[in-house]
Number of protein chains: 2
Amino acid sequence: MAADPAAGKTMAATQCQTCHGLDGIAQIPIAPHLAGESRIYLETQLKAFRSGKRQHEIMSLIAKNLTDEEISNLAAWYESINITATLPDPPK
Amino acid sequence: MAADPAAGKTMAATQCQTCHGLDGIAQIPIAPHLAGESRIYLETQLKAFRSGKRQHEIMSLIAKNLTDEEISNLAAWYESINITATLPDPPK
């Protein structure tokens, strides 16, 4: 089944936004930005939290209740965000 | 000791760039973007790979040889990159 980024966005608004931002820009330093990360990376990490292979006090709780479909949708949402990176000016 | 992002950049060019990009934009789908991630997040993950708390076939090997100073420098480099996120156009 094709992933549904719009459904992922809706779920992200309640499950992910507080820490990771709806646009995938993290709101707190301990959380990573998710904007533009690949679906395969995001799905792998959510499934690793769900299985216990990767552990974190918050993410392990959130991920354990996610279905494969929800994981695909969330990953499709965050992948769909475009990011651009700008290097810092070199030291003077 | 203060972290040295320039030293981190030099090290990233040999240790991280192939997968994560020197600018922190991942070159392969299984690797996350690192651009603009916070120092605390990046240091925590590198130390988790080094200790074995987080495991990955490539990162576990790379991280096991890093010193605390190198980890701080690498994290300072990737944190120093600015990112902007642009939401996708809503479906028509």
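**Entry 1: a helix to start with**

I began with helix α5 (residues 68–79) of chain B and checked its length: at 1.5 Å a residue, its 12 residues should span 16 Å, and the end C-alpha atoms are 16 Å apart, which agrees. I keep in mind that this is a predicted model.

Next I asked how many of the 12 residues of α5(B) are buried. I found nine, so I call this helix mostly covered. Among them are Ile71(B), Leu74(B), Trp77(B) and Tyr78(B). Ser72(B), Asn73(B) and Glu79(B) are on the buried list too. What do the buried residues of α5(B) pack against? I looked, and they meet α1 (5–15) and α3 of chain B.

**Entry 2: one serine in chain A**

I then moved to chain A and picked Ser72(A), which is found in helix α5 (residues 68–79) of that chain. Is Ser72(A) buried or exposed? I count 22 other C-beta atoms within 10 Å, and Ser72(A) is buried because the cut-off is 20 or more. Leaving out residues up to four places away in sequence, I see Ser72(A) touching Ala3(A) and Glu43(A). I also looked at Leu46(A): it is 26 residues from Ser72(A) along the chain, and their C-alpha atoms are separated by 9.5 Å.

**Entry 3: chain A as a whole**

Stepping back, I listed the elements of chain A and got five helices and one strand. From the N terminus on, I read them as α-α-α-α-α-β. The C-alpha trace of chain A spans about 50 × 30 × 20 Å along its principal axes. Of the 92 residues of chain A, 37% count as buried. I also looked at contacts in chain A between residues at least 6 apart in sequence, and 61% of these join residues at least 24 apart.

I noted the confidence as well: chain A averages a pLDDT of 96, and 97% of the residues score at least 70. For the complex, the predictor gives an ipTM of 0.93 and a pTM of 0.94.

**Entry 4: where the chains meet**

**Entry 5: a loop residue at the contact**

I followed Ile30(B), which sits in the loop between α2 (17–20) and α3 (39–51) of chain B. Ile30(B) is partly exposed, with 13 other C-beta atoms within 10 Å. Which residues does Ile30(B) touch, not counting those up to four places away in sequence? I see Ile40(A) and Tyr41(A), across in chain A. Within chain B, the C-alpha atoms of Ile30(B) and His20(B) are separated by 9.7 Å, and the two are 10 residues apart along the chain.

**Entry 6: symmetry**

Last, I laid chain A on chain B: a turn of 180 degrees and a shift of 0.0 Å along the axis do it, with an RMSD of 0.0 Å. That is the relation of a two-fold axis. Do the copies meet through the same surface or different ones? I found that 100% of the interface residues of chain A are also interface residues in chain B, so the copies meet through the same surface.

Conventions. Residues are numbered from 1 along each chain as its sequence is written. Chains are lettered from A and ligands numbered from 1 in the order in which they are written. This is a predicted model: local features need pLDDT of at least 70, side-chain atom pairs count only at pLDDT 80 or more; totals for chains, interfaces and linings use all residues. Helices (H or I, at least four residues) and strands (E, at least two) are DSSP runs, numbered from the N terminus. Two residues are in contact if their C-beta atoms, placed from the backbone, lie within 7 Å. Copies are superposed by least squares on the C-alpha atoms of residues with pLDDT of at least 70 in both. The expected span of a helix is 1.5 Å times one less than its number of residues. pLDDT is the predictor's confidence in each residue, from 0 to 100.
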